[in-house]
Amino acid sequence: MNKITIEQYLEHVARFSGSDYGKMIREQFEDIQGASELAMLVAPSAEELEQLKKAVAIMTLDEKQNADSLTDEQTERLAADAQIDPANLAIFLNGYALHCKQVS
């Protein structure tokens with residue numbers, strides 16, 4: 001079975017962004033400070049989604065093809081190049097890696 005592309009995974013993650021269902025999920029995972037990073041892979045906020053799109057857009061072909069095995073250093077460099085939150089990118093890429101392992 002072929003793994004989905006990083007672009008397809010981004011579309012999958014984006015499906016509940018900004019929806020009422022997505023907001024409900026985010027609220028379920030909020031901590032006492034109102035953060036809900038764990039819900040990002042189910043319902044990213046509009047800002048998180050834009051950051052992820054920005055990172056995927058600047059990835060090289062090799063990075064896209066091997067996104068499920070990028071190192072921490074590669075992830076940090078990519079986040080710096082995209083000028084986005086490295087933690088959000090790491091969560092997204094780790095989610096993608098887990099998804100790929102799940103379907104293989």
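**Terms and their cut-offs**

Trainee: Why is Val-42 called partly exposed?
Mentor: Buried means under 20% relative accessible area, exposed over 50%, and partly exposed in between (1.4 Å probe, protein chains only). Val-42 has 31% relative accessibility, so Val-42 counts as partly exposed. Val-42 lies in the loop between α2 (20-28) and α3 (46-58). Helices here are DSSP runs (H or I, at least four residues), numbered from the N terminus.

Trainee: What should I know about the model itself?
Mentor: This is a predicted model; local features need pLDDT of at least 70, side-chain atom pairs count only at pLDDT 80 or more, and totals for chains, interfaces and linings use all residues. Residues are numbered from 1 along each chain as its sequence is written, and side-chain values use heavy atoms, with hydrogens and water left out.

Trainee: What makes Val-13 buried?
Mentor: Val-13 has a relative accessible area of 0%, so Val-13 is buried. Val-13 lies in helix α1.

Trainee: Which residues does Val-13 contact, leaving aside neighbours within four places in sequence?
Mentor: Contact means heavy atoms within 4.5 Å. Val-13 is in contact with Met-40, Leu-41, Val-42, Pro-44 and Phe-92, with those neighbours left aside. The C-alpha atoms of Val-13 and Ala-39 are separated by 10 Å, and the two residues are 26 apart along the chain.

Trainee: Why are α1 and α3 called roughly antiparallel?
Mentor: Helix α1 (residues 6-14) and α3 pack at an angle of about 175°, with their axes 11 Å apart. Axes are lines fitted to C-alpha atoms, for helices over the stretch in contact, and angles run from 0 to 180 degrees between N-to-C directions. Angles over 145 degrees count as roughly antiparallel. So α1 and α3 are roughly antiparallel to each other. From α1, the contact is made by Ile-6, Glu-7, Leu-10 and Ala-14. From α3, Leu-49, Leu-52, Lys-53 and Val-56 take part.

Trainee: Is Thr-75 buried or exposed?
Mentor: Thr-75 has 8% relative accessibility, so Thr-75 counts as buried. Thr-75 is found in helix α5 (residues 72-82). Not counting residues up to four places away in sequence, Thr-75 touches Leu-70, Leu-89, Ala-90 and Leu-93.

Trainee: And what makes Gln-83 exposed?
Mentor: Gln-83 has 67% relative accessibility, so Gln-83 counts as exposed. Gln-83 sits in the loop between α5 and α6 (86-103).

Trainee: What phi does Gln-83 have?
Mentor: Gln-83 has a positive phi of about 60°, although Gln-83 is not a glycine. Most residues other than glycine have a negative phi.

Note on methods: Helix = DSSP H or I, 4+ residues; strand = E, 2+ residues; numbered from the N terminus. Parallel < 35°, antiparallel > 145°, perpendicular 65-115°, else oblique.
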